[in-house]
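Here is a short report on how parts of one protein chain pack together. Look over the sequence and the model first.

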Amino acid sequence: MNRLFCGVDKNMSLHRKLRYIILSLAIPLVACMVAALGVFAYYASQYRGITRNVTISSSFNLDFKENIDLKMYHYSVSSRQQEELPVEDVDEAIAIARSLKATTSYKESRQALLHVLDYCENLKSRMYMLEQTEDYDSRQVQLENNIYVLTNLIRGKMLDYIYYEAGYLSKLGAEMMRSITAAMLCIGGVMFVVVVTVLQRSFSFSKGITQPVSRLCENVRKIGEGQFQVDAVEAYDYEIAGLDAGIRRMAERISLLLENVKREEMLHHKMELQLLQAQINPHFLYNTLDTIVWLVECGMNDEAVKMLGDLSVFFRTMLSKGEDIISLQEEVTHTRSYLDIQQVRYRDILDFEIVLPKELFGACLPKLTLQPLAENALYHGVKEKRGKSKIWIQCSREGDTVVIQVRDNGIGISAERLRELKEALNSRQRVGFGMSAVQERLRLCYGEPYGMSVCSEYGKGTCVEIRIPFLEKSTMQQDKAEKIEQKS
């Protein structure tokens, strides 16, 4: 479509094409406006000049004759009111006539002003003649035959000037209206042609952009839905063509990356479970078996049988048929079997209590969430404190959130170590495999709002709190699968 763009090169950028359209409208518009303003300015100048001349001449003609006649009369009769000739008034009239002549262009008006100048010069000479005359009667005769006649002639010619200028003013108004009408029609015709041309170019330009962009949006939508095989978009703008090529290359790379991410995610998921299971200290198994042997040798067969049962439950719940999402009841059973075994070994220093309401039996969480925390509480809290200590595991519900607290009254954590521990957990650094693994798995399953927090006071104990959403097993497995798919 852009091939029809009035000969514009298809390799021209969109910015230059848009500027080309704007200039094709702006230049004729500005030219028409300048022409119209020129016409208006010309006639306004002419109209203003004539109006000014008419105003000045009317003001001059209003009192010139009466003023000169009165002053010359007082001078001729030797009145004290006028002791000198009013030559300055005549000079002022000459100056006015000359200024009017300088701004007057019409022949008749200029001829009238020439007569005014001649009459004014003649009036001055007649004034000097009257000044040389001493006889009263002669003065009166000169006043009547010369002065009054000349001032009357001056006034008459100035009236002629006003008449001619008024006529030219009326003629100028009619001519101005004709010129303005013609200019407006010309400007209207030019603007019509320009607007039609610009509209055609704009529609062609817009269509040449919107259609490829719409197809690009459709391709992006398909890519977002997982359809990475998209058709090329035909475009005659190199920006859009480059964008289309980039989108198709991006789709190909995303398709390859998704395959790699899916494979890596599966490997990571398997390795995560294997590492968590491999975390179980082999010494725990050895020590447990040694304790069972010792119980049998001492004739404490019932205690040995119970410990074997606890060990069986511990490993059975740890395996969980290969599933990594188990119920809270199963996780508590697993942790309880661990603490039962450890309580036989550390009966002098260890006591524990687990509270799990029935309404939370079906709540689900990642396997091996509580047991590593109970192990940390035993080895880093209870064993480090002299005397007997206790571990509490408290499960409760706050709305749609499950709150699990693993608390002990052991030795606690120093303030500096606690600060390092909190910073490490927030920044996902390794601070001991157990706590780091639990935190990472909780964030992986539930996101940033959920997870683990630690508070402690040295010498008084430590509390680790876990907050997770209340989800059934099937729902949680589906949510985790969706998160893995979204990440991939």
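The model is predicted. Helices H8 and H9 are roughly parallel to each other, because the angle between them is about 25° and angles under 35 degrees count as roughly parallel. H8 covers residues 328-345 and H9 covers residues 370-382. Their axes lie 9 Å apart. The crossing of H8 past H9 is right-handed.

Which residues make this contact? H8 brings Leu328, Glu331, Val332, His334, Thr335, Tyr338, Leu339, Gln342 and Arg345. H9 answers with Leu370, Gln371, Ala374, Glu375, Leu378 and Tyr379. Sorted by class, the contact of H8 with H9 has 8 nonpolar, 4 polar and 3 charged residues.

Phi of Leu368 is positive, near 60°, and the residue is not a glycine. Most residues other than glycine have a negative phi. Is Leu368 buried or exposed? Leu368 has a relative accessible area of 4%, and under 20% counts as buried, so Leu368 is buried.

H2 passes H3 in a left-handed crossing.

On the H2 side, the contact uses Val87, Val90, Asp91, Ala93, Ile94, Ala97, Arg98, Leu100 and Lys101. On the H3 side, the partners include Leu113, Leu117, Cys120, Met127 and Tyr128, along with charged residues such as Arg110, Glu121 and Lys124. By class, the contact of H2 with H3 splits into 14 nonpolar, no polar and 6 charged residues.

The two pairs are set out below.

| Helix pair | Angle | Axis distance |
|---|---|---|
| H8 and H9 | about 25° | 9 Å apart |

Now the protein as a whole. There are 12 helices and 7 strands. The protein has 488 residues, and 40% of them count as buried. The accessible surface comes to about 27,600 Å². Carbon and sulfur atoms hold 56% of that surface. Among contacts with a separation of 6 or more, 73% join residues 24 or more positions apart.

How values were computed:
Residues numbered from 1 in each chain as written. Predicted model: local features only at pLDDT ≥ 70, side-chain atom pairs only at ≥ 80, totals over all residues. Heavy atoms only, no water. Axes fitted to C-alpha atoms, helices over the stretch in contact; angles between N-to-C directions. Helix = DSSP H or I, 4+ residues; strand = E, 2+ residues; numbered from the N terminus. Parallel < 35°, antiparallel > 145°, perpendicular 65-115°, else oblique. Left-handed = near helix turned anticlockwise from the far one by under 90°. Contact = heavy atoms within 4.5 Å. Buried < 20%, exposed > 50% of the residue type's maximum accessible area, 1.4 Å probe, protein only. Areas by Shrake-Rupley, 256 points an atom, 1.4 Å probe, with all protein chains shown as cover.
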